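Morning, everyone. Please look at the screen while I talk you through one protein.

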Amino acid sequence: MMFEQVLFLSVYLFSIGIYGLITSRNMVRALICLELILNSINLNLVTFSDLFDSRQLKGDIFAIFVIALAAAEAAIGLAILSSIHRNRKSTRMGNKIVRWYTISICLLEFLLMIYAFCYHFQLEDPLMQLKEDYKWIDVFDFHWRLGIDGLSLGSILLTGFITTLATLAAWPVTRNSRLFYFLMLAMYSGQIGLFSSRDLLLFFIMWELELIPVYLLLSMWGGKRRLYSATKFILYTAGGSIFFLIGVLGMGLYGSNEPGLDLERLINQSYPAALEILLYFGFLIAYAVKLPIIPLHTWLPDTHGEAHYSTCMLLAGILLKMGAYGLIRINMELLPHAHYLFSPWLVIIGAVQIIYAASTSLGQRNFKKRIAYSSVSHMGFIIIGIGSITNIGLNGAILQILSHGFIGATLFFLAGTACDRMRLVYLEELGGLSIPMPKIFTMFSSFSMASLALPGMSGFVAELVVFFGLITSPKFMLLPKMLITFLMAVGMILTPIYLLSMLRQMFYGYKLFHVPNANFVDSGPRELFLLICIFLPVIGIGIYPDFVLSLSVDRVEALLSNYYPK
């Protein structure tokens with residue numbers, strides 16, 4: 001039955017594409033129809049791979065994701081170049097087509113991911129699956145290597161989910177919308193490529209692929225200080241990338257006449273203690289910028305304060321998680337001895353970051369920056385979970401990556417939509433919004449409760465698991481555990497203080513601003529649909545976290561065997 005449904009869908013898409021390609025007189029529409037034909041073919045390849053035992057054919061499934069994304073970007077890029085009609089009517093129609101096209105591509109890719117992982121991914125297998133390995137640069141013996149395991153599975157699904165909803169959130173964007181959606185698809189490619197990379201050079205390239213799209217999205221669709229924020233972002237991240245590149249070259253060139261950057265080979269590579277510490281520290285600086293870790297976090301509040309809320313969703317939901325993923329995938333897996341030495345410092349920095357960012361958030365007048373510092377504070381739990389070097393702690397860190405991906409992205413979406421309606425961002429100018437905008441008030445309150453770790457929601461489960469991971473860690477003595485736990489508890493107490501204070505100033509009390517009531521438009525069907533789509537997994541993870549933990553538990557156990565061999 002499954003084959004018949006998918007076959008019917010692919011034939012339907014193929015028929016629409018052929019008909020549109022034959023009858024279309026517009027280049028943009030012709031390219032969209034061509035892309036529908038390609039995606040229908042890809043859908044058939046994925047479906048009928050079940051009928052064969054060819055390992056290579058099953059491995060090619062994930063290559064389809066990359067090919068489809070690249071084809072989508074190429075189609076959008078060609079559509080930009082071929083758009084020669086600039087009158088008002090054609091521009092409006094073109095914006096609508098590009099919007100629907102981008103959302104359709106993102107949704108189709110997300111559904112393909114779900115299908116491939118449900119039918120071709122074995123959760124109990126801790127090894128890499130859906131692998132690809134092609135010659136890339138013959139001179140240096142570099143390969144295009146892709147693969148998925150339990151560490152990257154959740155992040156890839158999170159990327160597809162948040163990016164699809166971010167394109168829906170960007171629906172009101174009308175100025176240069178073709179370029180805007182092209183940049184979002186470019187970010188999508190870089191994020192999927194990074195989480196599925198099995199080659200260190202490919203990992204670095206995908207890491208750098210994010211810089212230009214984010215810079216353009218900030219500088220062209222940001223607020224009044226968008227150029228300052230975009231410049232600050234590019235300087236911080238490019239500076240951290242220098243250390244990343246040095247680490248990549250050091251690992252690739254050490255101990256071999258030919259450079260080798262295959263992650264599976266590098267796992268078994270040993271280094272002198274001093275070199276391993278230097279490599280670890282270089283990578284850590286790059287992750288400290290992206291994650292971020294104090295004191296390299298100052299770009300984040302400025303960026304979130306000026307970026308369009310759909311861009312903020314990608315930044316908070318996915319971009320920050322790239323730093324945490326790199327810390328696990330490279331530092332923890334490839335440099336275990338150095339990570340064992342640095343782990344106490346990571347735990348201390350994580351605890352200090354929770355307190356510092358929560359305290360700083362409480363003093364922010366701009367509610368978008370208050371939410372940004374809240375994100376910095378919650379990243380501290382991820383750092384502590386990674387530094388605990390326990391099965392429970394690391395699974396808690398991965399769970400927090402997914403949980404904050406949902407909650408952080410939604411809070412920035414709500415803040416952005418509220419700011420668009422009021423044209424105000426300072427808390428002392430707000431008040432009484434719960435009456436004219438009850439739906440926004442309800443969803444803002446619900447996700448704030450999730451962020452402050454209300455039981456029954458994903459934030460509570462993730463932070464609780466990190467707590468247990470630290471307490472059960474054999475690396476730390478009782479007194480340091482008690483001190484770090486106390487600091488984490490203080491941070492959890494500060495979180496409801498600054499979030500509930502923000503809600504009180506925004507939605508309760510009297511109106512302290514003079515804006516016509518006509519501007520107070522409550523959430524529409526599109527916004528409510530987006531919010532409910534994210535709220536469901538937040539509740540689902542909070543009630544049944546084992547569904548998410550089962551994605552990574554076997555891979556985490558295999559990774560920690562390097563630290564505590566049986």
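How many helices and strands does the protein have? There are 21 helices and 2 strands. Keep in mind that this is a predicted model.

Now the overall picture. The protein has 566 residues, and 59% of them count as buried.

On to confidence. The mean pLDDT of the protein is 83. A value of 70 or more is reached by 80% of its residues. Where is the pLDDT below 50? One such stretch is residues 52-60. Beyond near neighbours in sequence, that stretch has 13 contacts in the model. Residues 80-89 are also below 50, with 12 contacts counted beyond near neighbours in sequence. A word of caution: where pLDDT is low, the predicted coordinates should not be read in detail.

Let's zoom in on one helix pair. Find helix α12, residues 299-306, and helix α15, residues 367-387. At what angle do α12 and α15 pack? The angle is about 140°, and the axes are 8 Å apart. That angle makes α12 oblique to α15. The crossing of the two helices is right-handed.

Which residues meet there? From α12, we have Leu300, Pro301, Asp302, His304 and Gly305. They meet Lys368, Lys369, Ala372, Tyr373 and Val376 in α15. Sort the residues of this contact by class, and you get 5 nonpolar, 2 polar and 3 charged.

That's my tour. Over to you.

Technical notes
Residues numbered from 1 in each chain as written. Predicted model: local features only at pLDDT ≥ 70, side-chain atom pairs only at ≥ 80, totals over all residues. Heavy atoms only, no water. Axes fitted to C-alpha atoms, helices over the stretch in contact; angles between N-to-C directions. Helix = DSSP H or I, 4+ residues; strand = E, 2+ residues; numbered from the N terminus. Parallel < 35°, antiparallel > 145°, perpendicular 65-115°, else oblique. Left-handed = near helix turned anticlockwise from the far one by under 90°. Contact = heavy atoms within 4.5 Å. Nonpolar A, V, L, I, M, F, W, Y, C, P; charged D, E, K, R; others polar. pLDDT = per-residue confidence, 0-100. Buried < 20%, exposed > 50% of the residue type's maximum accessible area, 1.4 Å probe, protein only.
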